[in-house]
Amino acid sequence: MLLVSHRIRLLRIGQVDWFLGLLPIKGRNIRVVNTAKVVMPERYCEAMITKFDYVISLNGVDWGLAVDGVTESVSLESGNIRWSSKRG
């Protein structure tokens, strides 16, 4: 999990609407997803962008999820994740 102490470089032109921009960290650029727009698009408003204080990083990939708060940070091992093969 990364505290957004650096500014996310907003990139809106030519991108999908859920892509916020890039967060430069340790010589890399983390691509940041607007989590609110993906998870609850019907309740989303542009003012939510100013409330994102954290980016939850996904280990091993250059993608992260923007969130306004975090209660607890946990690491998950792939062997402990059970994926549902049933849809709906």
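How exposed is tryptophan 18, and what is its relative accessible area? In this predicted model, tryptophan 18 is partly exposed, with a relative accessible area of 32%.

Strand β3 covers residues 19-25, and six of its seven residues are buried. The strand is therefore largely enclosed by the rest of the structure. Phenylalanine 19, which lies in β3, is buried, with a relative accessible area of 6%. That value falls under the 20% limit that defines a buried residue.

## Strand pairing

Strand β3 takes part in pairings with β2 and with β4. Strand β2, residues 9-10, runs antiparallel to β3 and is joined to it by two bridges. Within this pairing, leucine 10 has glycine 21 of β3 as its bridge partner.

The pairing of β3 with strand β4, residues 28-34, is also antiparallel and extends over six bridges.

## Aromatic pairs

Two aromatic pairs are found in a search of the whole structure. Tryptophan 18 and tryptophan 63 make up a tilted pair, with 6.3 Å from centre to centre and 45 degrees between the planes. This pair connects distant parts of the chain: tryptophan 18 belongs to the loop between β2 and β3, tryptophan 63 belongs to strand β6 (residues 63-67), and the two are 45 residues apart. Tryptophan 63 is partly exposed, with a relative accessible area of 33%.

Phenylalanine 19 and tryptophan 63 form an edge-to-face pair, with 6.1 Å from centre to centre and 75 degrees between the planes. An angle over 60 degrees counts as edge-to-face, so this pair receives that description. Distant parts of the chain are again linked, since phenylalanine 19 is in strand β3 and tryptophan 63 is in strand β6, 44 residues apart.

## The aromatic cluster

Trp18, Phe19 and Trp63 together form one aromatic cluster.

Methods:
Residues numbered from 1 in each chain as written. Predicted model: local features only at pLDDT ≥ 70, side-chain atom pairs only at ≥ 80, totals over all residues. Heavy atoms only, no water. Buried < 20%, exposed > 50% of the residue type's maximum accessible area, 1.4 Å probe, protein only. Helix = DSSP H or I, 4+ residues; strand = E, 2+ residues; numbered from the N terminus. Pairing = 2+ DSSP bridges. Phe/Tyr/Trp six-rings, centres within 6.5 Å; stacked < 30°, edge-to-face > 60°.
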